[in-house]
Amino acid sequence: MIKVMIADDQELIRESLGIVLGANPDMEVVGMAADGRQVLEMIPQEKPDVILMDIRMPGMDGVECTRQVKEKYPDIFVIVLTTFDDDEYVYGALKYGASGYLLKGISMKELAEAIRTVISGRAMINPEITDKVVKLFNQMARSNYAIQVDEAQTKELTKTEWKVIQKIGCGFSNKEVASDLCLSEGTVRNYLSSILAKLDLRDRTQLAIWAVQTGAVNRMWGDD
């Protein structure tokens with residue numbers, strides 16, 4: 001059962017999403033919050049797997065809440081759900097570890113599938129802003145939103161770990177990485193944990209951004 005928390009300052013939207021998502025047999029809506037502070041207060045008790053996060057909320061907005069959630073609870077997935085596709089918000093949400101960025105107006109069926117996609121380990125970006133996000137990933141290297149990794153840290157990576165990084169940067173799920181590199185999913189998870197620890201990165205979204213920034217997705221790696 002996927003435990004979902006909904007954060008939106010509009011009660012009608014919260015209640016509507018709760019009713020529709022709760023009708024899915026594999027989902028349970030465990031909490032609804034009107035702002036980022038409520039999200040942080042509710043997490044310890046409700047223990048959500050996924051948070052649907054509105055961007056513009058009073059008190060603490062979705063970008064700052066995403067930052068704090070991923071910092072304190074890195075295993076919780078965040079999907080940003082918004083009517084806005086401003087560059088600033090796309091930058092911030094993805095920088096701080098959001099696994100999805102969807103525009104409101106998406107169908108409820110598509111939203112449910114997006115939640116399942118994120119839980120499976122893949123990022124989910126609304127098709128309408130995918131091109132924008134790809135461009136932003138490349139621009140991040142020249143902005144203050146760049147993911148910073150000390151070059152000395154990269155010297156500890158093995159060639160197999162570089163191959164995993166490349167696949168993650170291309171949007172592969174753990175299952176797809178395993179199939180492509182002839183590894184088990186458990187081995188891929190272990191490699192991913194090792195990579196994140198070596199590079200001091202929070203999650204696979206930051207790793208994917210860094211992989212695009214550095215051009216790792218386009219390099220060729222020989223055997224170990």
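Predicted model: local features only at pLDDT ≥ 70, side-chain atom pairs only at ≥ 80, totals over all residues.
Trainee: Are helix 8 and helix 10 roughly parallel or roughly perpendicular to each other?

Mentor: Helix 10 covers residues 185-199, and its axis lies 10 Å from that of helix 8 (helices are DSSP runs of H or I, at least four residues, numbered from the N terminus). The two pack at an angle of about 95 degrees, and are therefore roughly perpendicular.

Trainee: Which residues of helix 11 make the contact with helix 8?

Mentor: Helix 8 (residues 159-169) and helix 11 (residues 204-214) pack with their axes 8 Å apart. Helix 8 brings Trp-162, Ile-165, Ile-168 and Gly-169 to this contact (heavy atoms within 4.5 Å), and from helix 11 come Arg-204, Leu-207, Ala-208, Trp-210, Ala-211 and Val-212.

Trainee: Is Asp-54 buried or exposed?

Mentor: Asp-54 sits in the loop between strand 3 (50-53) and helix 3 (62-72) (a strand is a DSSP run of E, at least two residues). Leaving out residues up to four places away in sequence, Asp-54 touches Ala-7, Asp-8, Asp-9, Gly-62, Leu-81, Thr-82 and Lys-104. Its relative accessibility is 5%, and the cut-offs are under 20% for buried and over 50% for exposed, with partly exposed in between (1.4 Å probe, protein chains only), so Asp-54 counts as buried.

How values were computed
Residues numbered from 1 in each chain as written. Heavy atoms only, no water. Axes fitted to C-alpha atoms, helices over the stretch in contact; angles between N-to-C directions. Parallel < 35°, antiparallel > 145°, perpendicular 65-115°, else oblique.
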